[in-house]
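Here is a short briefing to read alongside the model. Have the sequence and the 3D view open, and follow the topics one at a time.

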Amino acid sequence: MAEMVKLFVNGREVEVESGKNLIDAFKVIGIEIPHFCYHPALGADGNCRMCLVGIEDGRPPLVPACKTPVAPGLKVQLDTEKIKKIQHDIMEFELINHPIDCPVCDQAGECTLQDYYMSYDLQDSRMTEPVVVKGKRMDFGCGVVHDQERCVLCARCVRFTRLITKTGELGIVNRSDEARVETFPGRPLNNRYAVNVVDLCPVGAMTSRDFRFTQRAWFLTRDKGICHGCAKGCNIYIDHNREKYKDDVIYRFRPRLNEQVNGYFICDEGRFTYHAENEGRLMAARVDGKDCLGDYAAQSVRAVLGPKSLILVSPDSSLEQMAAIKALSEAVGARLSGYSEGYIKEGDGDNWLIQDDKSANRAGLSLLGIDAGKETFTRLLNSSEVLVSFDNDLFIHDTGSEFRQRLEAIKVIAVTSHDGILTKMASIAIPVASYSESSGSLVNIDGMLQHFDRAVQKNTPYFDMVELCGMLGSPVATASDAVNEIKKVIPSFANVEGGLKLTASEATNVPA
Ligand code: SF4
Ligand code: SF4
Ligand code: FES
């Protein structure tokens with residue numbers, strides 16, 4: 001629990017956390033201090049002067065809030081005529097050469113400059129000179145498009161590449177109204193986190209080629225999610241929209257702050273995995289090559305499940321889904337494996353967020369005691385007559401090829417959200433909801449238990465995998481059944497905002 005200090009804002013006593021600057025401390029209690037250049041992950045640069053506030057203790061008339069730490073008894077003024085005048089002046093300065101092209105700017109609706117104009121400015125322009133013309137639609141690399149005319153020169157993007165990725169591709173060149181953000185000649189953005197500059201940019205000067213002009217920000221529904229791109233489990237916003245006469249579609253993933261997992265950022269690869277959520281879906285149930293109702297396909301699966309069946313669990317499935325599948329295998333006497341070596345890309349991870357393991361919940365397999373070894377899988381496969389894959393992409397990175405011959409000799413059943421090689425080999429295929437259409441829990445590579453809720457609601461929802469397991473004979477047939485099952489191995493299991501760090505014995509399923 002952070003230490004609290006009492007101070008005064010516009011004469012009113014408030015209590016805030018110590019150790020923070022005025023911007024962050026006041027934000028927690030609902031008081032906004034406008035700012036452009038400060039960002040908690042990048043520190044205070046002090047270049048924009050939008051955050052100037054008054055302090056009644058004989059300091060210079062105005063001080064930058066981003067560089068002023070809270071202190072007991074501090075008397076802070078935010079609403080004097082002098083401060084309002086400064087805010088007008090800074091806004092006027094920022095807008096002198098700004099194109100003010102909000103109607104065609106991708107940032108409109110989520111732009112700090114636009115919001116501050118409405119909150120702190122509302123002046124008519126006094127400019128009579130032609131504005132300075134700068135670069136437009138500049139390809140900065142990694143899918144980042146830069147507009148120099150919209151830039152307020154806060155240097156957040158520059159500091160990101162210097163302080164966070166340490167790749168230093170961006171710099172500010174020239175001075176005064178000729179100053180502009182540039183890449184070095186022949187050296188565009190080239191790092192695996194580059195698109196974070198789009199989120200950091202407070203205005204529409206950095207946009208994502210992938211998202212530009214696909215949706216206006218105010219049409220999007222913003223839901224919380226967990227990236228399933230690797231074992232880190234970065235926290236994200238899933239921005240989606242159902243346009244008239246169309247289905248609910250995801251338009252972008254953006255980072256969501258979680259100090260315990262990913263901080264303020266995500267990697268570009270994970271950011272763009274939303275495409276895979278939208279595309280390549282298995283659309284209809286199939287039995288022997290013919291489309292059919294899901295219920296009929298489920299009955300057909302139920303009829304063949306038994307001791308000669310091998311059920312394959314995905315390391316991407318939630319704990320709830322794994323618990324339901326495991327209970328199903330026990331109920332029908334089937335064998336069970338979580339073999340998924342193909343999800344691991346050796347050497348691909350870095351020492352920050354990106355992991356070698358491209359699955360979201362491998363820790364869940366060991367927690368629930370599901371063997372994922374290749375030797376066991378091969379032995380079980382060779383003595384089984386039916387393979388039922390629950391969303392396990394055996395052919396990911398082509399690792400399933402060595403099993404192809406055996407798979408061609410037995411009956412293959414695919415219960416999956418996405419079409420793929422295994423689905424094409426399957427005599428029965430059943431589409432199920434993907435993770436953005438489901439709720440569940442994951443344990444990341446650091447033993448952090450995190451929960452996610454359904455974000456996307458398809459016009460015709462696919463089967464929920466836990467409920468489908470119930471239809472196939474699993475005693476774990478609902479989310480609450482699954483939670484009861486999980487509590488047997490994680491007694492402290494709960495939906496904790498921000499995640500719950502499991503103890504070493506909980507994370508490994510080994511009693512302390
Ligand atoms: S491009 Fe955006 S983040 Fe970079 S300096 Fe300009 S306004 Fe700031
Ligand atoms: S590091 Fe992993 S979990 Fe995080 S955004 Fe990238 S792929 Fe997703
Ligand atoms: S946020 Fe304080 S000077 Fe820019």
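In strand β9, the bridge partner of Ile172 is Val181. The two strands involved, β8 (residues 170-173) and β9 (residues 180-183), pair in the antiparallel sense over four bridges; strands count as paired if DSSP finds at least two bridges between them. Please keep in mind that this is a predicted model, in which local features need pLDDT of at least 70, side-chain atom pairs count only at pLDDT 80 or more, and totals for chains, interfaces and linings use all residues. Residues are numbered from 1 along each chain as its sequence is written, while chains are lettered from A and ligands numbered from 1 in the order in which they are written.

- β8 and β9 form a hairpin with six residues between them, and Asn174 in the turn has a positive phi of about 70 degrees.
- Helices (H or I, at least four residues) and strands (E, at least two) are DSSP runs, numbered from the N terminus.
- An open sheet of three strands runs in the order β6-β7-β10 with antiparallel pairing, and its edge strands are β6 (138-141) and β10 (206-208), each pairing on one side only.
- The twist in this sheet averages 35 degrees from one strand to the next.
- β6 and β7 (residues 144-146) pair over three bridges, and Gly141 has Val144 in β7 as its bridge partner.

**Five-stranded sheet**

- An open sheet of five strands has the order β2-β1-β5-β3-β4, with mixed pairing.
- β2 (12-17) and β4 (63-64) stand at the edges with a single partner strand each, so one side of each is left without a neighbour in the sheet.
- β1 (residues 4-9) and β5 (residues 75-77) pair in the parallel sense over two bridges, with Val9 opposite Val76 in β5.
- Helix α2 (residues 81-95) packs on the sheet, where α2 touches β3 (52-55) and β5, and the direction of α2 makes about 165 degrees with that of β3.

**Helix pair**

- The axes of α9 (residues 319-332) and α14 (residues 465-472) come within 9 Å and cross at roughly 10 degrees.
- That makes α9 roughly parallel to α14, a label for angles under 35 degrees, whereas those over 145 are roughly antiparallel, 65 to 115 roughly perpendicular and the rest oblique.
- Axes are lines fitted to C-alpha atoms, for helices over the stretch in contact, and angles run from 0 to 180 degrees between N-to-C directions.
- Glu320, Gln321, Ala324, Ile325 and Leu328 in α9 meet Met465, Val466, Cys469 and Leu472 in α14; residues are in contact if their C-beta atoms, placed from the backbone, lie within 7 Å.

**Domains**

- An automatic or database domain assignment supplies the bounds of domain 1 (4-79), domain 2 (102-208), domain 3 (218-278) and domain 4 (285-508).
- The centres of domain 3 and domain 4, taken over C-alpha atoms, are separated by 21 Å.
- Contact between these two domains involves 23 residues of domain 3 and 26 residues of domain 4.
- On the side of domain 3 that touches domain 4, the largest share, four residues, comes from β11.

**Ligands**

- Ligand 1 has 14 residues around it, and Cys151, Cys154, Cys157, Cys201 and Ala205 come nearest; a residue is near if its C-beta atom, placed from the backbone, lies within 6 Å.
- Of the 14 residues around ligand 2, Cys227, Gly229, Cys230, Cys234 and Gly270 come nearest.
- Domain 3 and domain 4 both give residues to the shell around ligand 2, so ligand 2 lies between them.
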